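Trainee: I would like to learn how to read local features in a model of this kind. Could we go through them one by one?

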Amino acid sequence: MQYDVIVIGSGPGGYVGAIRCAQLGLKTAVIEKYSTFGGTCLNVGCIPSKALLDTSEHYHNAAHNFETHGIGLSNLKIDVKKMIDRKNDVIAQNTAGITFLFKKNKIDAYEGVGSFVDKNTIKITKSDGSTEELKAKNIIIATGSKPTSLPFLPVDKKRIITSTEALNLQEVPKHLIVIGGGVIGLELGSVYARLGAKVSVVEFAKSIIGTMDGGLGKELQRVLKKNLGMEFFLGHKVTGATAKGKNVTVTAEDPKGQPVELSGDYCIVSVGRTAYTEGLGLENIGIKTEERGNKIPVNEHLETSVGGIYAIGDVVKGAMLAHKAEDEGIYVAERIVGQKPHIDYNLIPGVVYTWPEVASVGKTEEQLKEAGVKYKSGSFSFKASGRAKASGDTDGFVKVLADSETDEVLGVHMIGPRAADMIAEAVVAMEYRASAEDIARICHAHPTYTEALKEAALAATANRAIHA
């Protein structure tokens with residue numbers, strides 16, 4: 001079968017890229033290893049974790065916050081099986097949506113492992129061992145990533161688990177140990193902390209969410225400790241983990257090199273993700289992956305060293321984010337037909353879906369200092385927000401960083417209620433190279449959480465926040 005484009009992988013990058021290719025009139029095929037579309041994001045990542053986060057937040061509010069609203073409850077309990085069933089239903093709805101979109105856009109879908117025979121030929125190896133070959137002028141690699149494994153942390157998928165197994169636990173852990181203080185570990189840790197688990201986070205770095213603005217990590221750690229009782233072992237080097245029966249023992253060294261031992265009933269290993277290229281047959285077309293992270297090298301147009309073969313999403317350089325992969329899928333589709341699309345990687349927002357949520361776009365204070373850029377900063381606390389007071393969500397703040405001479409917004413960092421949605425306003429502003437003054441002059445509805453962004457922008461311009 002001859003195609004204009006074959007996409008290997010149906011995650012956010014793959015399925016969005018395929019749909020855009022079809023919209024542009026290209027005969028398109030998608031090869032997916034698993035029986036459902038959507039990749040990590042829809043099946044074992046973004047979507048199911050948000051479903052569990054929502055359920056656990058409802059439970060936590062009922063247990064701790066409803067009384068202040070005058071709502072009394074008795075015999076509150078969590079039905080873990082029903083929670084997991086609901087999560088699975090959410091997954092099914094989303095993956096079925098992609099199936100519909102493929103049919104709507106006349107995209108041919110194949111189930112099996114796609115591997116290169118040559119630069120224009122892909123062999124599909126199906127679950128029954130049979131094979132089929134497809135040919136295309138262009139091929140997009142969108143095979144995503146998998147949880148990083150460490151030789152001294154053997155995952156048994158029962159007690160020592162990854163994020164994938166953590167989405168399907170059949171009980172609330174008594175003591176959950178999370179190795180890694182990044183986005184995935186904190187989100188899943190907070191799910192079970194809300195349901196009553198003791199949660200201990202062991203992180204090698206001196207702060208959590210280390211890639212984000214330093215102030216966000218400090219505030220998130222404070223809030224998770226205060227609201228959920230989570231404990232943090234920062235600057236600790238994990239040396240091993242062993243499971244015996246229903247008990248897991250994690251060994252580590254503290255910042256002074258002294259041994260530390262933690263004992264729990266489950267341990268999530270969440271130390272990052274590695275690009276997934278297994279079985280692709282890249283050696284057959286002369287493509288070598290990078291030693292660090294196993295990523296596929298690409299040029300500024302996301303084309304590999306072999307003409308007509310592109311790679312997008314987690315399998316290439318940059319942040320491992322679903323929306324980054326989607327934009328890259330669209331970018332490659334439009335490049336193939338001769339258009340000149342553009343992606344500003346500085347303006348891809350990052351989000352942590354804890355509560356309060358954390359969101360960030362642009363440069364951090366640490367990056368601006370390192371680059372020697374003169375900047376000014378304005379912050380506004382949700383404690384002073386009328387809307388936040390009404391909902392009882394007063395933890396957190398918004399920080400706006402602007403160029404000290406031009407006032408152009410260089411970065412926006414927020415932790416607070418609905419930060420995941422609020423960050424979009426900052427992205428739009430920065431796409432149009434807005435100044436802090438521009439944001440400060442825009443009329444924001446009252447009372448809303450987004451007023452905090454306006455106040456932070458006011459604070460960044462002559463320190464004139466109204467409600468601070």
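Mentor: We begin with the elements: helices (H or I, at least four residues) and strands (E, at least two) are DSSP runs, numbered from the N terminus. The model is predicted, and local features need pLDDT of at least 70, side-chain atom pairs count only at pLDDT 80 or more, while totals for chains, interfaces and linings use all residues. Residues are numbered from 1 along each chain as its sequence is written, and side-chain values use heavy atoms, with hydrogens and water left out.

Trainee: Which residues does a cis peptide bond join, and where is Pro356 found?

Mentor: Most residues other than glycine have a negative phi, and most peptide bonds are trans. Here a cis bond links Trp355 to Pro356, with omega about 5 degrees, and Pro356 sits in the loop that runs between β18 (350-352) and β19 (357-362). Another cis bond links His446 to Pro447, with omega about -5 degrees, and Pro447 belongs to the loop between α12 (436-441) and α13 (451-460).

Trainee: What is the phi of Ile209, and is Ile209 buried or exposed?

Mentor: Ile209 is not a glycine, yet its phi is positive, at about 35 degrees, and its place is the loop between β10 and α7 (214-228). Burial is judged by relative accessible area (buried is under 20%, exposed over 50%, partly exposed in between, with a 1.4 Å probe and protein chains only). Ile209 therefore counts as buried, at 5% relative accessibility. Leu302, which is also a residue other than glycine, has a positive phi near 65 degrees and lies in the loop between β16 (273-275) and β17 (309-311); at 4% relative accessibility, Leu302 counts as buried.

Trainee: How should I read Glu203, and which side chain of opposite charge is nearest?

Mentor: For charges, Lys and Arg count as positive and Asp and Glu as negative, with His and the chain ends not counted, and a salt bridge is a side-chain nitrogen of Lys or Arg within 4 Å of a carboxyl oxygen of Asp or Glu. Glu203, in strand β10 (residues 198-203), is buried without any salt bridge, and the nearest oppositely charged side chain is that of Arg292, 11 Å away. A polar atom of the Glu203 side chain does, however, lie 2.8 Å from the backbone nitrogen of Ala205. With neighbours within four places in sequence left aside, the contacts of Glu203 (heavy atoms within 4.5 Å) include Gly180, Phe233 and His236.

Trainee: Where is the place of Glu132, and what joins the side chains of Glu132 and Lys126?

Mentor: Glu132 lies in strand β6 (residues 131-141) and, at 27% relative accessibility, counts as partly exposed. Its side chain is joined to that of Lys126 by a polar contact of 3.0 Å, the term being a pair of N or O atoms within 3.5 Å, where within protein one must be able to donate a hydrogen and the other to accept it, and residues adjacent in sequence count only if both atoms are side-chain atoms. Apart from neighbours within four places in sequence, Glu132 also touches other residues, among them Tyr110 and Ile122.

Trainee: How many disulfides does the count come to?

Mentor: A disulfide is a pair of cysteine sulfur atoms within 2.5 Å, and by this rule the count is zero. Cys41 counts as buried at 11% relative accessibility, and Cys267 counts as buried at 0%.
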